[in-house]
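I opened the file to look up how the chains meet. My notes follow the structure.

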Amino acid sequence: MSTAETGSSRVKRGLAEMLKGGVIMDVVTPEQARIAEDAGAVAVMALERVPADIRAQGGVARMSDPDLIEAIIAEVSIPVMAKARIGHFVEAQVLQALDVDYIDESEVLSPADYVNHIDKWAFNTPFVCGATNLGEALRRINEGAAMIRSKGEAGTGDVSEATKHIRKITSEVNQLKSMTRDELYVAAKELQAPYDLVLEVAETGKLPVVLFTAGGVATPADAAMMMQLGADGVFVGSGIFKSGNPEARAAAVVKATTFYDDPSVIAEVSRGLGEAMVGINVGDLPAPHRLAERGW
Amino acid sequence: MTSLRDESLGAVDASGPRVGVLALQGDFREHARILGELGARVTLVRRPGDLEGIEGLVIPGGESSVMDKLARAFGLAEPLRERIRDGLHVYGTCAGLIMLADTLLDAIAGQESFGGLDVVVRRNAFGSQNQSFETDLEIPVLGERPLRAVFIRGPVVESVGPKATPIATLADGRVVAVEQGGLLGTSFHPEINGDTRFHEYFLSKLRSA
């Protein structure tokens with residue numbers, strides 16, 4: 001191979017590698033995108049409504065208006081991601097045509113297909129997908145996802161589901177590492193994931209792509225905890241712009257993510273941030289309103 | 001609980017050169033692992049005190065505007081600038097090349113670099129991720145075999161001052177790797193494709209310094 005090649009796995013997964021140790025922030029206006037970049041976000045997620053508002057207002061949540069996405073791309077120089085509905089390959093085609101840097105096939109929007117996810121190999125733009133466990137992560141990677149984020153429960157400000165999902169994925173990987181070949185065939189069946197990927201995870205002891213954590217992260221300590229639990233980086237959705245002082249909170253979460261293992265830094269940056277987002281306890285959410293259960 | 005991240009700093013060779021890897025953000029663990037496997041004694045650098053005793057530094061790929069903010073917020077930028085002026089060997093990939101450039105184009109408002117390389121570097125010179133690519137590059141200082149170079153929203157060297165020397169160019173003539181004494185910068189990411197020749201080259205210059 002001597003010619004230039006775009007859209008290879010290495011190029012798609014490579015951008016996620018460069019985001020590691022960073023914070024990706026949900027933004028709904030170019031002004032918020034500017035605040036995020038100035039605070040040290042490593043990328044922004046362009047949305048019409050943050051998950052907390054989608055949750056509060058209800059209705060069908062869809063891909064954002066192209067004008068909004070383009071205005072956010074024009075405002076910042078860091079990578080811009082945008083969400084397509086699960087299975088909505090035409091929304092994904094539109095996002096690729098808009099030249100976003102990453103497409104999030106996201107359970108935060110209303111699913112467009114209750115059986116199939118998007119065939120992500122068909123795109124030049126890389127995809128990030130949510131997962132609650134290792135089997136789900138490997139199914140998404142098998143479909144072409146170049147980055148995984150554990151789902152958590154978006155729009156709640158309750159980090160408990162994010163904790164559950166990153167712990168689940170980590171413990172399932174660690175279990176595979178201790179298995180013999182013959183046990184891995186059964187593990188692949190039980191995980192409902194392709195054997196080759198299961199074998200790769202067992203041999204390397206990690207996912208073949210970068211793993212971020214998302215869903216309910218609202219404070220610097222939340223972000224640092226996700227990093228200590230083994231995340232490569234953090235998505236913060238409603239947690240920043242639904243708080244009392246987004247500028248200060250965004251910068252504090254960035255610092256806590258880099259110095260995740262230094263409690264004195266986390267203490268310092270947690271001072272005087274004003275009110276955190278109010279939030280909802282996941283236990284108070286009726287099952288049909290739990291977004292993490294979307295995706296199959 | 002065991003993290004899935006590769007936290008390895010490679011095999012420890014007590015005689016190898018002490019090399020720091022800037023660990024504020026980005027793919028610093030890939031660099032740390034490769035340097036360790038090549039026999040360097042690797043330390044991760046986040047604070048001014050971490051610079052003590054290092055003979056070389058690698059600045060990884062990542063987001064240059066984030067590295068700049070964190071380096072200044074935690075008091076690392078100024079002491080590092082001084083060490084670079086005093087001859088610290090530094091290799092920067094992608095964002096690392098941006099951090100080493102004396103002059104930046106298309107930086108965010110107020111963005112600063114550490115400087116040292118007598119070059120003008122344009123950030124995100126190829127466009128969005130859809131324009132990111134990999135290609136074979138001839139790099140004479142590394143030998144005849146071309147290097148598969150991966151460019152991820154990469155920068156290019158727009159002009160090379162008298163102190164720096166281009167060591168790799170794209171087919172269209174744009175400069176994507178430069179050298180100046182102990183400083184080395186590439187627009188692309190040898191750390192993510194398993195080719196360790198740039199790291200070996202950096203360490204061999206450090207050993208003979």
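I looked up the salt bridge between the side chains of Arg47(B) and Asp262(A), and the N to O distance is 2.6 Å. For this term I required a side-chain nitrogen of Lys or Arg within 4 Å of a carboxyl oxygen of Asp or Glu. Between chain B and chain A I found six salt bridges.

I noted that this is a predicted model, where local features need pLDDT of at least 70, side-chain atom pairs count only at pLDDT 80 or more, and totals for chains, interfaces and linings use all residues. Residues are numbered from 1 along each chain as its sequence is written, chains are lettered from A in the order in which they are written, and side-chain values use heavy atoms, with hydrogens and water left out.

Next I took the extent of the interface. I found 44 residues of chain B in contact (heavy atoms within 4.5 Å) with 57 residues of chain A. The buried area, meaning accessible area (1.4 Å probe) lost by the two parts on being put together and summed over both, is about 4,000 Å². Carbon and sulfur atoms give 53% of that area.

I then looked at strand pairing (at least two DSSP bridges between the strands). Strand S1 (residues 5-6) of chain A pairs with S7(B) in the antiparallel sense, over two bridges; strands here are DSSP runs of E, at least two residues, numbered from the N terminus. In this pairing I saw Glu5(A) opposite Glu134(B) in S7(B).

Definitions and conventions: Helices (H or I, at least four residues) and strands (E, at least two) are DSSP runs, numbered from the N terminus.
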